[in-house]
Amino acid sequence: YHVDQIAAAGEKIKAALILDGNGWSEDAPQHMNCLWDNGEAETRRLSELFNSARIDYGIDIGWRLCSPDGQWSDNYAYWEHGLPAVLSIGGLPYAEPNYHQCGDNMNSIDMLNVFKTAQENLAVVLKLDAEETRLERLSPIEPILPIPLDEGISH
């Protein structure tokens with residue numbers, strides 16, 4: 001629905017960061033975040049931004065690119081419209097026996113993996129925002145003119 005609304009309005013987005021299944025890590029006790037992308041240049045750059053964000057911000061979480069074998073998550077709708085999107089899928093929950101089962105409750109969730117994955121996503125948002133700020137600073141601005149001083153005033 002969101003992507004259809006963006007397309008209908010002719011809007012552009014910088015990135016869609018999709019969080020899904022972040023409550024597990026198949027590498028436990030090591031925490032993990034797998035990034036799915038479609039290999040397009042901007043989407044791959046976003047995936048790699050997750051790696052640099054975790055290093056720059058000191059987030060203790062593993063990182064790797066994972067290849068989706070099927071397109072069943074929310075990121076796919078963005079890709080269909082040619083928009084950059086990555087799926088932050090944590091530690092690939094599909095191997096977790098409780099995933100989408102009766103045991104899929106707060107007791108089976110690795111909340112530290114959720115926390116670290118959320119931190120990493122926030123760090124990426126901050127990096128994306130900083131890119132915009134740097135671009136704005138590089139834009140031409142009007143020169144600051146000196147303020148004339150009154151000759152009788154001591155400074």
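L87 sits in strand 4, spanning residues 85-88. This is a predicted model, so local features need pLDDT of at least 70 and side-chain atom pairs count only at pLDDT 80 or more, while totals for chains, interfaces and linings use all residues. Residues are numbered from 1 along each chain as its sequence is written, and side-chain values use heavy atoms, with hydrogens and water left out. Helices (H or I, at least four residues) and strands (E, at least two) are DSSP runs, numbered from the N terminus.

**Around L87**

- L87 is buried, with a relative accessible area of 0%; buried means under 20%, exposed over 50% and partly exposed in between, using a 1.4 Å probe and protein chains only.
- Setting aside neighbours within four places in sequence, L87 is in contact (heavy atoms within 4.5 Å) with I18, D20, C34, L35, W36, S73 and N75.
- One of these partners, C34, is 53 residues from L87 in sequence, with a C-alpha to C-alpha separation of 8.0 Å.

**Around N121**

- N121 belongs to helix 4, residues 111-138, and is buried at a relative accessible area of 5%.
- Not counting residues up to four places away in sequence, N121 touches L17, L19, N33, F50 and S88.
- A polar atom of the N121 side chain lies 2.9 Å from the backbone oxygen of T117. For a polar contact, the cut-off is a pair of N or O atoms within 3.5 Å; within protein, one must be able to donate a hydrogen and the other to accept it, and residues adjacent in sequence count only if both atoms are side-chain atoms.

**Aromatic pairs**

- Searching the whole structure turns up two aromatic pairs. Rings of Phe, Tyr and Trp (its six-membered ring) pair if their centres lie within 6.5 Å; planes under 30 degrees apart count as stacked, over 60 as edge-to-face and the rest as tilted.
- W24 and Y99 form an edge-to-face pair, because their ring planes meet at 85°, with the centres 5.6 Å apart.
- That pair links distant parts of the chain, 75 residues apart: W24 is in the loop between strand 1 (16-19) and strand 2 (32-36), and Y99 in the loop between strand 4 and helix 4.
- W24 is buried at 7% relative accessible area, and Y99 also counts as buried, at 16%.
- Y76 and W79 are edge-to-face too, with ring centres 6.4 Å apart and planes at 80°.
- Y76 and W79 are three residues apart in helix 3 (residues 75-80), so about one helical turn separates them.
- Y76 counts as partly exposed at 31% relative accessibility, whereas W79 counts as buried at 10%.
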